[in-house]
Amino acid sequence: MNVLLFKKISLSPPQILVIGFALIILLGSVLLMLPISSTTGESLPFIDALFTATSATCVTGLVVVDTGTYFSTFGQVVIMLLIQVGGLGFMTMATLFSLVLKRKISLKDRLLLQEAMNQNSVEGIVRLIRKVLMYSVIIESCAAVIFAIRLAFDMPFGRAVYFGIFHAVSLFNNAGFDLFGEYRSLTQYVGDPVMNLVSLILIVSGGLGFIVLSDLIDYRKHRKISLHSKVVLSMTAALIVVGAVVIFIFEFTNSRSLQPLDWGAKIWGAVFQSITPRTAGANTLDIGALRQATQFFIIILMFIGASPSSTGGGIKTTTFTILVGAVISMIRGRSDLVLFRYRLAQERIFKAVTITMLALFLVIAVAMVLSTTEDASFLTILFETTSAFGTVGLSMGLTGKLTLVGKIIISFTMFAGRLGMLTLAYALGPKKGKDLYRHPEGKIIIG
């Protein structure tokens with residue numbers, strides 16, 4: 001997409017991001033509606049094409065038709081390209097074309113990249129984009145090769161290569177789309193070490209964020225990791241371990257999930273289901289067969305999501321860390337929030353609270369509306385809503401049964417979740433200048 005199209009119009013960076021993603025979704029919808037995109041040669045209804053394009057561009061993975069059986073190779077390639085563009089961001093792809101054409105990256109473009117990558121300044125933003133593109137190509141290529149070799153034991157080699165590329169792109173971008181058909185995802189590989197390990201590495205590396213990946217790769221050179229990376233790595237590790245233990249305990253005696261499996265498959269299944277709610281969408285266990293306690297716990301993990309500047313959604317691990325840290329600081333009677341011996345500004349805490357409250361409001365409002373339009377239990381509706389907001393893609397089976405209104409609402413929820421609540425609020429809200437005065441301080445009783 002050429003950013004020059006927006007330059008003659010006075011639009012803020014958040015507005016350009018919203019419009020850019022919307023245009024990509026509309027283009028994807030048109031392509032998926034073409035008869036060549038389906039195996040039957042029939043045109044996909046517009047609402048289903050829009051839903052699928054939104055899910056792919058917003059790297060979610062919720063589907064109303066089976067990707068592996070309904071779409072032709074052309075349609076699947078369109079979905080894969082939408083996933084790649086949506087995961088890296090259309091501004092990243094636009095920068096790629098600018099670098100290839102040796103066009104100068106203007107200040108306007110850098111401001112857009114700053115907003116898209118959720119950075120505090122434009123300093124080093126182009127260098128970060130170069131790293132994003134390089135890391136993505138290397139990680140996806142390596143994973144595609146390993147997938148192809150493993151899948152070649154189950155299918156013809158050419159098909160294995162194609163499957164390897166598609167699933168490497170899908171999993172690294174935390175999209176959750178699969179080609180195995182019948183909505184099975186990776187359930188047939190629940191105990192397969194190769195498929196599990198490569199998939200989990202892709203999901204985690206895509207969810208950590210490119211800033212963290214850059215810090216880890218450059219660690220041998222600088223012997224230093226930023227505060228942001230420390231917070232992301234520690235919270236990610238904690239959520240994975242706690243999630244795996246909780247799911248293992250809840251599902252150990254469930255005859256429809258972990259109980260029939262051997263010990264190796266039990267551990268792989270628990271770990272995979274702990275990591276995949278962090279916006280990945282793939283699953284090795286039947287989500288609808290899990291106990292309600294596990295399903296609700298997964299809702300919490302989906303709401304937290306991945307990390308900033310990553311291919312994932314949710315409120316982000318850093319936001320969750322700040323909220324937990326603020327609560328602990330308040331209980332201990334401390335006025336400052338300190339993480340790894342660094343004090344966080346009040347602005348960071350306010351932003352974390354704002355993001356969480358906006359996200360809660362959206363999830364609750366959507367779940368309440370869907371409760372009146374869809375014929376399903378509230379837990380199923382809440383699960384689907386949170387999955388859409390967190391751009392996860394896990395489903396308890398409601399997606400394929402959504403009404404027209406439900407598909408439109410879930411599509412908007414995926415769109416809002418991918419862009420981020422603050423970006424959407426800034427894009428839709430009026431521009432305000434900085435306040436030139438402060439009101440006198442007041443006191444109210446809390447608690």
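## Close-up views of a predicted model

**View 1. Helix 3 and helix 19 cross in a left-handed way.** In a left-handed crossing, the near helix is turned anticlockwise from the far one by less than a right angle; if it is turned clockwise, the crossing is right-handed. Everything here comes from a predicted model, where local features need pLDDT of at least 70 and side-chain atom pairs count only at pLDDT 80 or more, while totals for chains, interfaces and linings use all residues. Residues are numbered from 1 along each chain as its sequence is written, and side-chain values use heavy atoms, with hydrogens and water left out.

Helices are DSSP runs of H or I with at least four residues, strands are runs of E with at least two, and both are numbered from the N terminus. Helix 3 covers residues 46-57 and helix 19 covers residues 404-419; they pack at an angle of about 20 degrees, with axes 9 Å apart. The axes are lines fitted to C-alpha atoms, for helices over the stretch in contact, and angles run from 0 to 180 degrees between N-to-C directions. The two helices are therefore roughly parallel to each other. (Roughly parallel is under 35 degrees, roughly antiparallel over 145, roughly perpendicular 65 to 115, and the rest oblique.)

Which residues of helix 3 and helix 19 make the contact? From helix 3 come Ile 47, Asp 48, Phe 51, Thr 54, Ser 55 and Thr 57, and from helix 19 come Leu 404, Lys 407, Ile 408, Ile 410, Ser 411, Met 414, Phe 415 and Arg 418. Contact means heavy atoms within 4.5 Å. The residues of this contact divide into seven nonpolar, four polar and three charged. (Ala, Val, Leu, Ile, Met, Phe, Trp, Tyr, Cys and Pro count as nonpolar; Asp, Glu, Lys and Arg as charged; the others, Gly among them, as polar.)

**View 2. Helix 3 is mostly covered, with 11 of its 12 residues buried.** Buried means under 20% relative accessible area, exposed means over 50%, and partly exposed lies in between (1.4 Å probe, protein chains only). Among the buried residues of helix 3 are Ile 47, Asp 48, Leu 50 and Phe 51. You can check the length of helix 3 too: at 1.5 Å a residue, its 12 residues should span 16 Å, and its end C-alpha atoms are 16 Å apart, which agrees. The expected span is 1.5 Å times one less than the number of residues. After helix 3 comes Val 59, with a positive phi near 45 degrees.

**View 3. Lys 407 lies in helix 19.** Is Lys 407 buried or exposed? Lys 407 is buried, since its relative accessible area is 13%. Setting aside neighbours within four places in sequence, Lys 407 is in contact with Ile 47, Asp 48, Phe 51, Val 64 and Leu 402. Look also for Leu 370, which is 37 residues from Lys 407 along the chain; their C-alpha atoms are separated by 9.9 Å.

**View 4. Thr 319 sits in helix 16 (residues 317-331).** Thr 319 counts as buried because its relative accessibility is 6%. Apart from neighbours within four places in sequence, the contacts of Thr 319 are Ala 352, Ile 355 and Thr 356. Ala 352, Ile 355 and Thr 356 are among the buried residues of helix 17. The 28 residues of helix 17 (residues 346-373) should span 40 Å at 1.5 Å a residue, and its end C-alpha atoms are 41 Å apart, which agrees.

**View 5. Helix 15 and helix 18 make a left-handed crossing.** Helix 15 (residues 292-304) and helix 18 (residues 378-389) pack at an angle of about 25 degrees, with their axes 9 Å apart. That makes helix 15 roughly parallel to helix 18. The residues in contact include Phe 296, Ile 299 and Phe 303 of helix 15 and Leu 379, Leu 382 and Phe 383 of helix 18. How do the residues of this contact divide? There are nine nonpolar, four polar and no charged.

**View 6. Asn 174 and Phe 340 each have a positive phi.** Most residues other than glycine have a negative phi. For Asn 174, phi is near 55 degrees. Asn 174 belongs to the loop between helix 9 (157-172) and helix 10 (193-208), and it is buried, with a relative accessible area of 0%. Phe 340 has a phi of about 50 degrees and lies in the loop between strand 1 (337-339) and strand 2 (342-344). At 43% relative accessibility, Phe 340 counts as partly exposed.
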